[in-house]
Amino acid sequence: TKLILLDSLLQETFQVRIHCYPPKYTAHLLDQLDMIENLISREVLITPTNPTHLLVSLMIDQSVCWGLYTEEEYRGTIARPGDGDRNHIFDMNFNKAQSKIAEALQLLTPAESRFLFDSDLLVVDVGAAPGGWSAYLASLPKVAVVAVDPAALDPEVLAMDNTRHLRLKAEEVVQTQTFVDQPRSKTTSEADRSSSQTPLEKTARDLYGHDWKDKFRLLTCDANLDVRDSVRDLVLPVSK
């Protein structure tokens with residue numbers, strides 16, 4: 001049945017790139033393709049470069065799910081930035097972390113992208129150090145970033161005008177503290193200049209003023225933790 005399905009999917013002159021999960025299934029799939037005798041006569045080529053189509057195979061328990069995508073569908077909705085193009089020129093010098101957030105943003109629907117980026121956006125990046133995601137997001141138009149991490153950020157990230165670093169744990173940035181503002185006049189007392197707010201509130205107001213909550217529409221987290229721990233310990237405290 002699998003061979004019949006593959007035979008019907010792979011049309012004449014297709015150049016096919018294969019993605020399999022788990023990866024060890026790739027060899028098995030290639031063996032199956034070799035059993036389709038008329039692929040050569042139809043000039044179907046299995047190749048990792050310059051494909052016209054992407055064949056995706058996902059094994060779940062004992063079942064296999066298939067998908068066949070055109071090159072346009074692959075590059076538009078599946079590929080990472082620059083995937084398959086050795087001469088691709090990025091807007092900035094991506095590191096591994098930056099390519100991950102760039103890939104994630106590619107998966108947004110047009111409506112989601114407009115909601116986030118059509119007007120001023122405040123991003124809170126939890127677990128930000130050394131700052132790859134913060135740097136990429138802060139490079140986008142109309143975006144300011146509050147990076148939250150007890151560890152140090154790269155000096156180049158700290159030098160960005162639209163980036164602030166709260167060197168605290170996630171739960172600490174939402175704990176109310178008393179801050180003393182800069183004096184507005186020589187006669188202003190310290191009591192008059194003090195205010196109770198969270199470090200996140202104070203930093204966000206420095207970036208966007210009192211209406212910062214209207215601009216806070218994106219919370220990111222790339223901490224190297226189990227996703228359940230990340231949500232419980234890092235994301236939920238800041239999202240409240």
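Author: Welcome! Two strands pair if DSSP finds at least two bridges between them. Helices (H or I, at least four residues) and strands (E, at least two) are DSSP runs, numbered from the N terminus. This is a predicted model, where local features need pLDDT of at least 70, side-chain atom pairs count only at pLDDT 80 or more, and totals for chains, interfaces and linings use all residues. Residues are numbered from 1 along each chain as its sequence is written, and side-chain values use heavy atoms, with hydrogens and water left out.

Reader: Thanks! In what order do E5, E6, E7 and E10 stand in their sheet?

Author: In general, strands of a sheet pair through backbone hydrogen bonds, either parallel or antiparallel. Here the order is E7-E6-E5-E10 in an open sheet with parallel pairing. Strand E7 (163–166) and strand E10 (216–221) are the edges, each pairing on one side only. E6 and E7 are joined by four bridges, and Ala 147 stands opposite His 165 in E7.

Reader: Which strands does H9 lie across?

Author: Contact means heavy atoms within 4.5 Å. Axes are lines fitted to C-alpha atoms, for helices over the stretch in contact, with angles from 0 to 180 degrees between N-to-C directions. H9 lies across E5, E6 and E7, at about 155° to E6. Helix H5 (residues 110–117) lies across E5, E6 and E10, at about 105° to E10.

Reader: What does Leu 122 touch?

Author: Not counting residues up to four places away in sequence, its contacts include Ala 144, Val 146, Ala 204, Leu 207 and Trp 212.
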